[in-house]
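My notes follow the order in which I looked things up.

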Amino acid sequence: MAKYERIIFWSEDDNKWIVDVPELPGCMADGSTPAEALENIEQIIIEWLETAKELERDIPEPKGRLLYA
């Protein structure tokens with residue numbers, strides 16, 4: 001499991017739980033429950049990293065915890 005920060009929140013517009021990975025631009029997933037959204041983001045992170053490698057793009061190092069929120 002990649003050690004990138006995940007931010008989970010409820011979206012009234014989508015009526016779903018959303019998980020955002022701020023260190024990986026555009027890397028997001030949704031789900032009907034928080035657990036489902038977190039499960040879905042794991043595959044999306046893998047695909048994001050694989051695509052970045054294929055396109056020879058820089059892959060950010062996980063920063064860990066936020067200094068503030």
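I began with Ile7, which counts as partly exposed because its relative accessibility is 34%. By the cut-offs I used, buried means under 20% relative accessible area, exposed means over 50%, and partly exposed lies in between (1.4 Å probe, protein chains only). Ile7 sits in strand E1, residues 7-11. Helices (H or I, at least four residues) and strands (E, at least two) are DSSP runs, numbered from the N terminus.

A note on the source: this is a predicted model, where local features need pLDDT of at least 70, side-chain atom pairs count only at pLDDT 80 or more, and totals for chains, interfaces and linings use all residues. Residues are numbered from 1 along each chain as its sequence is written, and side-chain values use heavy atoms, with hydrogens and water left out.

**Nonpolar patch**

Which residues form a nonpolar patch on the surface? I found Ile7, Phe9 and Met28, with about 250 Å² of accessible area together. Patch residues have over 30% relative accessible area and no salt bridge; like charges are joined within 9 Å, nonpolar side chains (Val, Leu, Ile, Met, Phe, Trp, Tyr) within 5 Å. Areas come from the Shrake-Rupley method with a 1.4 Å probe.

**Negative patch**

Next I looked up charge. Glu12, Asp13, Asp14, Asp30, Glu36 and Glu39 make up a negative surface patch. Asp and Glu count as negative, Lys and Arg as positive; His and the chain ends are not counted. Glu36 belongs to helix H1, residues 34-54. Glu36 is partly exposed because its relative accessibility is 33%.

**Glu23**

Is Glu23 buried or exposed? Glu23 is buried, yet has no salt bridge. A salt bridge needs a side-chain nitrogen of Lys or Arg within 4 Å of a carboxyl oxygen of Asp or Glu. Lys63, the nearest side chain of opposite charge, is 5.3 Å away. I placed Glu23 in the loop between strand E2 (16-20) and strand E3 (28-31). The Glu23 side chain does reach the backbone nitrogen of Glu5, at 3.2 Å.

**Positive phi**

I then checked phi. Asn15 is not a glycine, but has a positive phi of about 55°. Asn15 lies in the loop between E1 and E2. Asn15 counts as exposed because its relative accessibility is 53%. Glu56 also has a positive phi, near 55°. I found Glu56 in the segment after H1.

**Ser32**

Last, I looked at the loop between E3 and H1, where Ser32 lies.

Terms used
Charge placed at Lys NZ, Arg CZ, Asp CG, Glu CD. Polar contact = N/O pair within 3.5 Å; in protein donor to acceptor, adjacent residues only side chain to side chain.
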